[in-house]
Amino acid sequence: MDKQMSILILGAGTFGLSTAYHLAKAGYTNVTVLEKSATFPPELSAGNDLNKILRAEYEDPFYAELALEAMAAWKSSLFAPYYHETGYLLCNSIAAPDKSKKSLQKSLESIRQRPEFSDKITPINSREDIRKVAPAFDGPMPWKGYFNSYAGYAHAADAMTVVYSACIALGVKIHLDSAVQALTYSASGDICTGALTAHGTSYTASTTILALGASLGSILPQIKRQVVAIASPVAHIQLTPREAARLRGIPVTYARDLGFFFEPDARTGLLKLCPAMAGYTNFATPSGFSLPPADNAFIPARDEAMVRRLLRETLPALAERPLVGRRVCWCADTADSEYVIDFVPGKKGLVAVTGDSAHAFKMLPTLGGWVREVLEKGRQERERWQWKEGNDAAGVDISWRVGKRMDFGEVKDELRRDSDEFEARL
């Protein structure tokens, strides 16, 4: 493939940014990225976050292998400052459903026999076992599972920013505040020639790559329900410097049926909390696609209750603290949790890179290489990552997601915002 050919990437989130980085590193000299957000990291990108879990546990050994490759890349000079190997405490509470228990067991089996995890796995069968790996926790925690010392988290927004800077240094042109209004096509309609922005600027390219995450359906209706936008609630607690210091170095802690949290952010003292749930759709859109709304600064009350239950079991002194930074984080789910990295059928010069399914950020250092491979070969050879016409991700029961998926229309009367709590205290 001609390395001077023009390549246009729509979206500067995890998929788009990693793709731009790998193309530029490989010597491609005419790479342009369009991003809707006026600021970076992009407002709607799942990577615009304090932290993301880095672990190799998967129900599918194929992804466990890819995750290990990515974790090795996180130790390279560019990414190492943002990788924190605090370990991963993965358990179920005493009330966990069978589905949650089976998912945890499959995850453990995917790594237990691998040489990378020799002496890295500690069974958790009692409160004393938890105390040995996480002495800062003082809740009852009647949990069972395991502790994996070869895992941790990435400081997500900082990692995104350093890749952004690396792309600029390599000659990639990134245009913020450049929302795409429509793709452009040849007169015959079968060749994608680029994109038109909402500001009226037209960009032409030999190849256009769609890395629009949860918003893909708004630009490519052809995707139908092969990919569905799913939201996960996120909240935080503001800790004092003393409280944050006491929790420094705790493992990423995940009760599969309750939720998870990380060590406090070193700069802000924020403790990030995520409830365990199957995700929310937003089908109340003119197109009928589930798409992110303009305002995402809320979480449902039921999820707030879930994170408080998680805290009562782990750090009970924090369980009734005010929540701050409420928001929902959007991803693009597929029916089988497989990525889609493939040419769009019937449209030459158009590639879809999507289906993160809430497990792509850990692949930031490596996933752009998979996109480059498809471009250079002219096809997707991995069947699991091919375009799957007719797949419907809207109604499936994902094996590793605990709970029942709902639409925001079903919980519209229980959405909680930071301002609600502030007003309640007045």
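Predicted model: local features only at pLDDT ≥ 70, side-chain atom pairs only at ≥ 80, totals over all residues.
Close-up 1. Residues are numbered from 1 along each chain as its sequence is written, and side-chain values use heavy atoms, with hydrogens and water left out. Local features need pLDDT of at least 70 and side-chain atom pairs count only at pLDDT 80 or more, whereas totals for chains, interfaces and linings use all residues.

Close-up 2. The 14 residues of helix α5 (residues 156–169) should span 20 Å at 1.5 Å a residue, and the end C-alpha atoms are 20 Å apart, which agrees; the expected span is 1.5 Å times one less than the number of residues. Buried residues of α5 include A156, A157, A159, M160 and V162, where buried means under 20% relative accessible area, exposed over 50%, and partly exposed in between, with a 1.4 Å probe and protein chains only. Among the elements that cover the buried residues of α5 are α1 (14–25), β3 (52–54), β8 (152–154) and β9 (173–175), contact meaning heavy atoms within 4.5 Å. Just after the helix, G171 takes a positive phi of about 100°.

**Close-up 3. The packing of α1 on α5.** The two helices pack at an angle of about 35°, and their axes are 9 Å apart; axes are lines fitted to C-alpha atoms, for helices over the stretch in contact, and angles run from 0 to 180 degrees between N-to-C directions. T14, L17, A20 and Y21 in α1 meet M160, V163, Y164, A166 and C167 in α5.

Close-up 4. Strand β21 is joined by four bridges to strand β22 (residues 350–354), and the two run antiparallel. D342 stands opposite A352 in β22. Six residues lie between the strands of this hairpin, and G346 in the turn has a positive phi of about 80°. In helix α8 (residues 367–377), the buried residues are L367, G368, G369, W370, V371, V374 and L375; the buried residues of α8 pack against β21 and β22, as well as against α1, α2 (61–73) and β13 (207–210). Just after α8, G378 takes a positive phi of about 80°.

Close-up 5. S337 lies in the loop between β20 (324–334) and β21 (340–343), and counts as buried because its relative accessibility is 10%. Leaving aside residues up to four places away in sequence, S337 touches Y63, S357, H359, I398 and W400. T240 lies in the loop between β14 (227–238) and α6 (241–246) and is partly exposed, with a relative accessible area of 37%. The C-alpha atoms of T240 and T268 are separated by 9.5 Å, although these residues are 28 residues apart along the chain.

Notes: Pairing = 2+ DSSP bridges.
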